[in-house]
Amino acid sequence: MKEFVIRRFGYSVVSLFLLSLTIFFFVRVTGDPATLLVEPGTSEADIAAIHHQFGLDRPLWVQYGLFMAKLAHGDLGRSFYYQTPVMELYLSRFPHSLLLAVAAMAFSLLVGIPSGVLAAVRVGRFWDSAGKLFALLGLSLPSFWVGLVLILFFSVYLRWLPSSGAGGPLHLIMPAFALGWYFAAAHMRLTRSSMLEVLGADYVKLARLKGLPESLVIAKHAFKNALIPVLTLAGINLILMINVAVVVETVFAWPGVGRLLYEGITFRDFPVVQGVVLISGAMIVCVNLLVDLVYAFIDPRIRLEK
Amino acid sequence: MNKPGVPVRPEEGAAASALARRDVLGLLTLSLGAGLPQPSAAAPAGQVTWGVHISLAPTWFDPAETPGIITPFMLMYAMHDAMVKPMPGGQLTPCLAESWSAAEDGRSYEFVLRAGTKFHNGDPITADDVKFSFERYRGTSSDVLKQRVEAVETPDQRHVVFRLKDPWPDFLTFYATATGAGWIVPRKYVEKVGDDGFKKAPIGAGPYKFASFSPGLELVLEAFDQYWRKTPSVKRLVLRVIPDESTRLAALKRGEIDIAYSIRSELAEELQRTPGLVLKPTVGSAPYWLYFPEQWDPKSPWHDQRVRLAASLAIDRESINQALTLGHSHLTGSVFPENFEFYWPPPKPAYDPEKAKKLLAEAGHPNGFDAGFYTCDSSYANIGEAVLNNLVAVGIRAKLRPLERAGFFKGYADKKFKNIIQGASGAFGNLATRLETFAVKDGTYAYGHYDDLDALFAQQAAELDYQKRKEILQKMQEIVHERAMYAPIWQLAFISGVGPRVGESGFGRIAGFVYTAPYEDITLKQA
């Protein structure tokens, strides 16, 4: 087990190192941030001064070395645009994103799982078709369009909900729906396929042959097992919702991490993009590591495999 | 001290003078009239909320870090004040300085501070703060200022003298309009809290005090009732960041905000149709143009002045203006901002496709010609599409090549483009700084040069007589126009919306400034 833990931990560290390398160099391929911080026509001296201020006049490997040295101390650098430590910015946005992500996740699970179960036990019938349509729309309608339609209908015409910003529970409803719909559709589809697979398994057939009521077969024997991949996916999706809800947070002016990432990309704010991507990547790596360890703990075949 | 002092007259209008010789009495009369504290009106009351299109950065709370864009001035006009700044009365309006004068030899400027002015923490504004603010300044053009200013002297707490290494006719343009060097911060407070502390809790001398800031969400300001010019009418200002313009318009319609910045095209039409909302177009300092980088290449069709003129005559500016900015952009016919000092107004630009075809035929292209690429910043590819249609209609067949903004301006500056470039500039300065960048030898965006323009540019740089310098700079603009070095498009309008609660919004009161200001003049309608 010890060897397994060390190996998995090593993989995680290597993954994060490769992620840091990739994001550091790829973000620099996007161009020069100085040109976005000044008006066209600004003197070359001013642009050179910006390069110097941000350390962009140094060789790339020196910049990367400094970035990693700071990272080792938990310092993600300072935003070019906000002139504020990236960690401070991230932490100021994180609670808003967490709130939105939890609300959207709750919606996506409460809608996605029951509709997926219903679609699986009523294959080819009305609820299955309705579920498929719901999933199709959720996965294909762009979230900015959904957001704008919601604003137009519920804010401008009905005047029931605030159009944007964060504040009370009413502010949360539209962004949580716009963000959650896509994930609800994903959860619905996975639940459906997982349920169909489990419902065809031998032990479920056996339960039916034993004369158990269908509701008990579904609830006790099929549903619990079908839920495992859905919850694993939901864990990863929660991290994505926190960190990359770029479009929804922008449309609803929600002050979260996704909008911070959008601003970072828009202004070529390298430290911000690097910081958000690395934190997001670290979260995913940690969740995967945790899942691997739990699997290994439960199943000895995994921890013993070479 | 300067002896004898040559006062600088803050002239009315956009083309305010930097070095006009006038008598001291005239200056003092005007400046004191403009600057005397007004009797306090009623106590500030109510709240005005903005929907701002861009994320507000704490770096904009500190004038020392003013970058080369206009956006930070949106906040600086509220929280801070300058010695001299653009105001409704003119580009060089005395504010914290009640007057100033330039030495005969152009090597020094003396400012007299207005008596009784205070920072938000109650500290008086002194010459020491002015010197500290200048020396601390590290924003745009700081290198130019530091290289040319030899010393800042403070003979007493109300007088500040800037000694220059050499005569520099554009000193006031840079100090008062193009940078944040003349915006004053409290020395004692900054030294106490440090740069980061200042950005977290800025203290200035403007009409509004910092109250709170949630990064990415909103900035809240409270009225400063001891502001020297007048007590603000509105008690509380809230600047909410709403990045999506459809959402900004929805918030304005619902009354969640009172002022929405940057509402364009179809949404602007929607705003115009909505009862109770008012469309507020303002024109900044950003002209757009076509540039012909091959005009110095004898083998290129663009070498022929008639071809360049034909391109200009082919552009249906009126129709494009109506379609894209509801007719609010200014068709000045110039590639230089009309609100800049030393501006020369050219004749109204004509739309004459028949004449354009005739000129092309005379130049040896009766069936038009393949003009290669039309390169532009992709953010403004909609302008490019419209202009390109016009060019194709007369036979100038080019292909649109929109490039992402940063890549476009880098390629433009690195002189990598050919054929046709759709350019623009909103940089600060005056006509001399614009000509230097775009029209003379070694200019950042100049792909070639004309000897007579270069000679005139050198001449004006050494000319201390304001009127003579103006004549030279206007002559240069005439040459740029006559030679059709550029085909001007327009000076772009920035369109915003105002809700029904607002009385005076502050839009369009300061020439070339697209945001609301002065904030102390903003009012709410009486209930």
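1. A residue is called buried here if 20 or more other C-beta atoms, placed from the backbone, lie within 10 Å of its own, exposed if 12 or fewer, and partly exposed in between. In helix α7(B), T247(B), R248(B), L249(B), A250(B), A251(B), L252(B) and K253(B) are buried. Helices are DSSP runs of H or I with at least four residues and strands are runs of E with at least two, numbered from the N terminus.

2. The model is predicted: local features need pLDDT of at least 70, side-chain atom pairs count only at pLDDT 80 or more, and totals for chains, interfaces and linings use all residues. Residues are numbered from 1 along each chain as its sequence is written, with chains lettered from A and ligands numbered from 1 in the order in which they are written.

3. Seven of the 10 residues of α7(B) are buried, so this helix is largely enclosed by the rest of the structure. Its cover includes α7 (143-157) and α11 (246-251) of chain A, and β17 (486-498) is one of the elements of chain B that take part. Just after α7(B), G255(B) has a positive phi of about 80°.

4. Between the chains, 39 residues of chain B meet 42 residues of chain A (contact: C-beta atoms, placed from the backbone, within 7 Å). On the side of chain B that touches chain A, α7(B) gives the largest share, six residues.

5. Within chain A, helices α5 (residues 86-121) and α13 (residues 270-298) pack at about 60°, their axes 10 Å apart. Among the residues making this contact are V86(A) and L89(A) of α5(A) and P271(A) and I279(A) of α13(A).

Conventions. Axes fitted to C-alpha atoms, helices over the stretch in contact; angles between N-to-C directions. Contact = placed C-beta atoms within 7 Å.
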